[in-house]
Amino acid sequence: MSKQPTAVMSAPQFHHVLDGLNDIVTPLENLYRDLHSHPELSNQEHRTAAKAAEQLGWAGCVVTAGVGGTGVVGVLRNGDGPTVMLRADMDGLPVKEATGLPYASSVTAPGRTVMTCR
């Protein structure tokens, strides 16, 4: 027999965490499609970095752009306490996309070996 958790949060206790979710789903999907359709190679991701900085600023972060060239740092303060750090790559790969998706990348990288990705 499996042991039950000692403290289980009921829906009313954390429902407020999801408030406003429906308001941001479509804009986030649009951002995903935009970034996916405009990939940039490593150290060339100026457009992508600008979009990331814009989104971090919108979320209330203090933004530092140009870190290491095209890197972006966003700091969201919430008082004293533990710090959480997330890292993400934002460069694309030199592949020819053959998924047929309406937001598939059509960007090419001259002078690069390009593979087809399905």
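The model is predicted: local features need pLDDT of at least 70, side-chain atom pairs count only at pLDDT 80 or more, and totals for chains, interfaces and linings use all residues. Residues are numbered from 1 along each chain as its sequence is written, and side-chain values use heavy atoms, with hydrogens and water left out.

Start with the helices. Two packed helices are described by the angle between their axes and the distance between the axes. Here the pair is helix H2, residues 21–37, and helix H3, residues 46–58. Helices are DSSP runs (H or I, at least four residues), numbered from the N terminus. H2 and H3 pack at an angle of about 165°, and their axes lie 11 Å apart. The axes are lines fitted to C-alpha atoms over the stretch in contact, and angles run from 0 to 180 degrees between N-to-C directions. H2 and H3 are therefore roughly antiparallel, a label for angles over 145 degrees. Their crossing is left-handed: the near helix is turned anticlockwise from the far one by less than a right angle.

Now look at who touches whom. H2 contributes Ile 24, Leu 31, Asp 34 and Leu 35 to the contact, while H3 contributes Arg 47, Thr 48, Lys 51, Gln 55 and Trp 58. Contact means heavy atoms within 4.5 Å. By type, the contact residues of H2 with H3 divide into 4 nonpolar, 2 polar and 3 charged.

The charged residues lead to the next topic. Side chains of opposite charge can pair when their charged atoms come close. The whole structure holds 3 salt bridges, each a side-chain nitrogen of Lys or Arg within 4 Å of a carboxyl oxygen of Asp or Glu.

Asp 34 pairs with Arg 47, with the closest N and O atoms 2.8 Å apart. This bridge links distant parts of the chain, from Asp 34 in H2 to Arg 47 in H3, 13 residues apart. Asp 34 also pairs with Lys 51, at 3.4 Å between the closest N and O atoms.

Asp 34 is buried, at 18% relative accessibility. Arg 47 is partly exposed at 30%, and Lys 51 is partly exposed at 26%. Buried means under 20% relative accessible area, exposed over 50%, and partly exposed in between (1.4 Å probe, protein chains only).

Another salt bridge joins Asp 89 to Arg 87, with the closest N and O atoms 2.9 Å apart. Asp 89 is exposed at 56%, and Arg 87 is exposed at 68%. Shared partners join Asp 34, Arg 47 and Lys 51 into one network.

Notes. Helices (H or I, at least four residues) and strands (E, at least two) are DSSP runs, numbered from the N terminus. Angles under 35 degrees count as roughly parallel, over 145 as roughly antiparallel, 65 to 115 as roughly perpendicular and the rest as oblique. Ala, Val, Leu, Ile, Met, Phe, Trp, Tyr, Cys and Pro count as nonpolar, Asp, Glu, Lys and Arg as charged, and the others, Gly among them, as polar.
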